[in-house]
Amino acid sequence: MSALRNGPSPNPHQTPAMPDSPPVTIPAERMLSPDAAAPQTAAPPPPAPRVEKPRPKIRSTKAALTITPAAVSRLRNLLNGPTPQLIRIGVRNKGCAGLSYHLDYVDKPGKFDEVVNQDGVQVLIDSKALFSIIGSEMDWKEDQLSSKFVFKNPNIVDACGCGESFTVNS
C-alpha cells in the first residue's frame, strides 16, 4: 500500500520522496537543461600572447657601394634642389652584354632597398640589383659631350664595346 502512496507523483517537477521525508519540488524556472547531466569540462585557457622578438638587423661593415667625392658633390646638388629626391640604382636587362645600370628618382626607400649613406648623402640600391652592384664605385664624370654617373664594378666579366651594358659572374 505504501508503494501506491509513494508512486509516481502527478507533478513532473517533483522528485521522488524518500520513505521518511516529504517530497521536494523544484520550481520550473530553475530546471536544469537536458545537457546538465553530461560531464562538464573546463574550456582550455587562451593561448599566451606571442611576444614579437625584434629581428636583428644584419648590416655589413663595408658599404655595398662607395661614392667618390665628385659623385657626392653632384648628389648633394641634386638633394638641395627645389624637389629633393633620392636616387635608386638598379639594373635592367638591356644591351648586347645583358645588363645596364638604371637610375631613378624616388621620394622614399622601398621595403627591401639597400641604403648607402656616405658623406651626408644617401643612395638606394634596388634589392634585385644588389648582387650585380655590390663592391662597385660610383663616380661623376663630365666631359665636353656628356656628364653622367659611371660605375667601376669589380663583378663585371664581360662588357659591350660601347660600355653601356655588362655581364656579371652568376
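# Briefing: strands, sheet and cavity in a predicted model

Strand 2 (residues 86-94) and strand 5 (residues 121-125) run parallel to each other and are joined by three bridges. The structure is a predicted model. Its protein chain contains three helices and nine strands, arranged from the N terminus as α-β-α-β-β-β-β-α-β-β-β-β. Of the chain's 170 residues, 23% count as buried. Among contacts with a separation of 6 or more, 48% join residues 24 or more positions apart.

- Asparagine 93 is placed opposite leucine 99 of strand 3.
- Three residues separate strand 2 from strand 3 in a hairpin, and glycine 95 in the turn has a positive phi of about 85°.

- Serine 100 belongs to strand 3 (residues 98-106).
- Serine 100 counts as buried because its relative accessibility is 8%, below the 20% limit for that class.
- Beyond residues up to four places away in sequence, serine 100 touches Gly90, Val91, Arg92, Lys94, Glu164, Ser165 and Phe166.
- Lysine 94 lies in strand 2 and is exposed, at a relative accessible area of 54%.
- Apart from neighbours within four places in sequence, lysine 94 contacts Leu99, Ser100 and Ser165.
- Lysine 94 and serine 165 are 71 residues apart along the chain, yet their C-alpha atoms are separated by 6.8 Å.

- Strand 5 is mostly covered, with four of its five residues buried.
- Five bridges connect strand 5 to strand 4 in an antiparallel pairing.
- One of the residue pairs between them is asparagine 117 with glutamine 122, the latter in strand 5.
- Strand 4 and strand 5 make a hairpin with two residues between them.
- Aspartate 119 occupies the loop between strand 4 (114-118) and strand 5.
- Most residues other than glycine have a negative phi.
- Aspartate 119 has a positive phi of about 50° although it is not a glycine.
- Aspartate 119 is exposed, since its relative accessible area is 52% and the exposed class begins over 50%.

- Three strands form an open sheet in the order 1-6-7, with mixed pairing.
- The edges are held by strand 1 (65-67) and strand 7 (147-152); each has a single partner strand, so one side of each has no neighbour in the sheet.
- From one strand to the next, the twist averages 30°.
- Strand 6 (residues 136-142) and strand 7 are antiparallel and share six bridges.
- Lysine 141 is located opposite lysine 148 in strand 7.
- Helix 2 lies across strand 1, strand 6 and strand 7, and runs at about 75° to strand 6.

**The cavity**

- Rolling a probe the size of a water molecule over the atoms shows where empty space is left.
- The search of the whole structure finds one cavity of 30 Å³ or more.
- The volume of the largest cavity is about 30 Å³.
- Its lining consists of Leu75, Leu78, Leu79, Gln85, Leu86, Ile87 and Gln122.
- Helix 2 (69-79) and strand 2 are the elements that give two or more residues to this lining.
- Helix 2 supplies the largest share of the lining, three residues.
- By class, the lining of the largest cavity has five nonpolar residues, two polar and no charged.

How values were computed:
Residues numbered from 1 in each chain as written. Predicted model: local features only at pLDDT ≥ 70, side-chain atom pairs only at ≥ 80, totals over all residues. Heavy atoms only, no water. Buried < 20%, exposed > 50% of the residue type's maximum accessible area, 1.4 Å probe, protein only. Contact = heavy atoms within 4.5 Å. Pairing = 2+ DSSP bridges. 1 Å grid on protein atoms, 1.4 Å probe; cavity = no way out; pocket = protein on both sides within 12 Å on 5 of 7 lines; lining within 4 Å. Points joined across faces, edges and corners; volume = space filled by probe spheres on them. Nonpolar A, V, L, I, M, F, W, Y, C, P; charged D, E, K, R; others polar. Axes fitted to C-alpha atoms, helices over the stretch in contact; angles between N-to-C directions.
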